[in-house]
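This briefing covers strand pairing and packing in one protein model. Please view the sequence and structure below first.

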Amino acid sequence: MCAEGSSPEIGGWQKGCVVPHWLPLYRSMTFRVYSNGRPLTNLAAKETISLKYSIRNELEKSARELLYGSALFFPLRSAYQHVFNRQKLLVRRKTRDFYARFVRRGDLAFDVGANVGSYSEVFCELGAKVVAVEPNPQCCQYLRRLACVYPVYVENFAAGDLPGKTTLRICDYSGLSTLTNDWYEASQQSPLNRDAKWTGTLEVEIITLDQLAERYGVPDFVKIDAEGYDDHVLRGMSFRPPALQFEFNRWLPAVAMRCFDAPALASGYEFNYVRGLEMRLACECWVRGDELRARLDALTGNEWNGDVLARRIA
């Protein structure tokens, strides 16, 4: 068996061998597995490819656990991704370029549902100070490590409409953990998450965005990703930031529709949206809230989630 990106016979290596051109192979992770000069598509070939992905992912995970939050981590990650995982590097740059229109140096950003800090990091790279709001204490460990090198202020709360307490359902994939039973039940029906394991519940405290604004000031940008709880988050906000975003998801389409009805967004905003993780605006022109509601309601096919962007015009 021979693994190579172009030909089963290179530099004197014969059919049936492994050609040691490992650098481009690992850089792109796209290659063919050969036997007797022909590409294989059988189980053995698939297992070889899967093993290489698994090894790379474990190496990345181990390095993140060891170095995240240190001054060394970020330049080392960029150098590593430049060589071995160019796609991730390009995604990070594309994300930063997208948010540069909403977040500028010296701004204050609220990252609500911050998870492990991917967006908080982007906002900091753009020069902002970030308040990272996250109810899951395990995720907050990563956020506090990020705060060692960036101006991130960690608030271990759930954001909601009223102060109090609620129950967080915890998933082994932390990005699915939720405060709502509707999200919990809908996510279990999704083929995308059939392997996710729900590991327990945790009582968490709720803070409102108004309370956070009293503590830190009114933010220039608010990013909300609260897994089916975005409408509650917006009802706890009476101020009107220059720009914000909230999630739409076809599991629970009513949640995004209720977000449009939040008092703070009732007037003086125009809207656009992003499909999935494309990091580009789907509408050529910004539109009224009622028009975007109709567009989201008409989505079909694979357009099952994304983010709504709102910017203040009055």
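Strands β11 (residues 243-249) and β13 are antiparallel partners joined by 7 bridges; strands are DSSP E runs of at least two residues, helices are H or I runs of at least four, and both are numbered from the N terminus. Two strands count as paired if DSSP finds at least two bridges between them. The model is predicted: local features need pLDDT of at least 70, side-chain atom pairs count only at pLDDT 80 or more, and totals for chains, interfaces and linings use all residues. Residues are numbered from 1 along each chain as its sequence is written, and side-chain values use heavy atoms, with hydrogens and water left out.

**Strand β13**
- E247 has D307 of β13 as its bridge partner.
- Strand β12 (residues 269-275) also pairs with β13, antiparallel and over 7 bridges.
- Of the 8 residues in β13 (residues 305-312), 6 are buried, that is, under 20% relative accessible area with a 1.4 Å probe, protein chains only.

**The three-stranded sheet**
- An open sheet of 3 strands runs in the order β7-β9-β8, with mixed pairing.
- Its edge strands, β7 (158-159) and β8 (164-171), each pair on one side only.
- Strand β9 (residues 198-207) is antiparallel to β8, and 8 bridges join them.
- T201 in β9 lies opposite R169.

**Helix on the sheet**
- Helix α8 (residues 209-216) packs on this sheet and touches β7 and β9, where contact means heavy atoms within 4.5 Å.
- The directions of α8 and β9 make an angle of about 60 degrees, taken between N-to-C directions on a 0 to 180 degrees scale, with axes fitted to C-alpha atoms and, for helices, over the stretch in contact.

How values were computed:
Buried means under 20% relative accessible area, exposed over 50%, partly exposed in between (1.4 Å probe, protein chains only).
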